[in-house]
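Colleague: I have not looked at this structure before. Could you take me through how to read it?

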Amino acid sequence: MNEKTGPGTPSRLAIEVERYPATSRILHWVIAVLVLLTWPLGMVIKFVKNEVSLDFYMIHESLGFLVLWLMLLRVGNRLLTRKPEEDGPRIEQIVAASVHGMFYLFLIIMPLSGFLATNAHGFPFTWFGVLPIWSPIGKAPDIAGTLSAIHLVTAWILAVLFVLHIGAVLMHHVIRRDFTLYRIL
Ligand code: HEM
Ligand code: HEM
């Protein structure tokens with residue numbers, strides 16, 4: 001890496017700002033894109049015409065199911081890799097860690113509740129229409145409604161977390177003009 005800094009040399013950034021490990025950065029963006037597709041797809045399912053609603057379900061469920069496995073990988077990655085050092089007030093670090101922690105938790109509850117709800121309502125799930133997924137609970141009408149309710153509430157919890165997350169990113173990037181965004185790029 002170029003050790004010189006000064007006008008025209010962007011390396012100062014690279015030297016001084018510790019980023020998340022590559023695996024964390026890749027997982028962050030792949031999961032972010034998938035969730036930003038899956039969430040609105042889930043919301044519009046009930047408004048689309050009958051002819052295409054099964055396709056919407058299939059794409060929504062298959063992308064969402066991918067998020068479940070990527071999140072499990074991400075938990076493993078988080079336990080095995082080191083997070084870059086934090087600076088800033090202690091209270092901000094606690095708030096950031098709480099929002100990030102809740103993202104982890106609800107990004108697992110979200111696809112898990114959707115998958116189990118689909119099973120419980122009596123619909124076998126075939127990933128992208130090609131890979132049949134074993135149902136751990138089978139048809140279970142007694143709990144189907146509860147699982148759907150968990151899926152719906154979690155969807156809104158994630159939306160709130162997302163607004164807080166983007167608010168924090170903008171605060172760092174636009175107001176404080178620090179390198180927080182660079183840590184995850
Ligand atoms: C990150 C993953 C996921 C996100 C962000 C997500 C988001 C949503 C949202 C916003 C809705 C509309 C709200 C509602 O009606 O409940 C919805 C509905 C639905 N989702 Fe998901 N979902 C995910 C994963 C899954 C998975 C993996 C499945 C099944 C394998 C699934 C099955 C369903 C079903 C069947 C509905 C229709 C409403 C219901 O019966 O509960 N979702 N989802
Ligand atoms: C779309 C625009 C997004 C931007 C600009 C963004 C930006 C960032 C930044 C700058 C960080 C690093 C924070 C730090 O250094 O402490 C971060 C971390 C994180 N972001 Fe995002 N993010 C976005 C979307 C999302 C979405 C959609 C999710 C959830 C689905 C998400 C979940 C997380 C989590 C869990 C972390 C903590 C990193 C970890 O420990 O794995 N982000 N994000």
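Modeller: We will go through one helix pair and then the surroundings of two ligands. Keep in mind that this is a predicted model.

Colleague: How are two packed helices described?

Modeller: By the angle between their axes and the distance between the axes. Here, helix 3 (residues 50-80) packs with helix 4 at an angle of about 140 degrees, and the axes are 9 Å apart. Therefore helix 3 counts as oblique to helix 4. The crossing of helix 3 with helix 4 is left-handed.

Colleague: Which residues of helix 3 and helix 4 meet?

Modeller: From helix 3, Glu61, Gly64, Phe65, Val67, Leu68, Met71 and Val75. Their counterparts in helix 4 are Tyr104, Leu107, Ile108, Pro111, Leu112, Gly114, Phe115 and Thr118. By class, this contact has 11 nonpolar, 3 polar and 1 charged residues.

Colleague: Which residues come nearest to ligand 1?

Modeller: Of the 22 residues around ligand 1, they are Gly42, Glu61, Gly64, Gly114 and Ser148. Helix 2, helix 3, helix 4 and helix 5 each give two or more residues to this shell, with the largest share, 6 residues, coming from helix 4. The shell around ligand 1 divides into 13 nonpolar, 8 polar and 1 charged residues.

Colleague: And which helix supplies the largest share of the shell around ligand 2?

Modeller: Helix 2, with 6 residues. Helix 4 (90-120), helix 5 (141-176) and helix 6 (180-184) are also among the helices that supply at least two residues. Ala32, His100, Phe103, Arg183 and Ile184 come nearest, out of 19 residues around ligand 2. That shell has 12 nonpolar, 5 polar and 2 charged residues.

Technical notes:
Residues are numbered from 1 along each chain as its sequence is written. Chains are lettered from A and ligands numbered from 1 in the order in which they are written. This is a predicted model: local features need pLDDT of at least 70, side-chain atom pairs count only at pLDDT 80 or more; totals for chains, interfaces and linings use all residues. A residue is near a molecule or strand if its C-beta atom, placed from the backbone, lies within 6 Å of it. Helices (H or I, at least four residues) and strands (E, at least two) are DSSP runs, numbered from the N terminus. Ala, Val, Leu, Ile, Met, Phe, Trp, Tyr, Cys and Pro count as nonpolar, Asp, Glu, Lys and Arg as charged, and the others, Gly among them, as polar. Axes are lines fitted to C-alpha atoms, for helices over the stretch in contact, and angles run from 0 to 180 degrees between N-to-C directions. Angles under 35 degrees count as roughly parallel, over 145 as roughly antiparallel, 65 to 115 as roughly perpendicular and the rest as oblique. A crossing is left-handed if the near helix is turned anticlockwise from the far one by less than a right angle, and right-handed if clockwise. Two residues are in contact if their C-beta atoms, placed from the backbone, lie within 7 Å.
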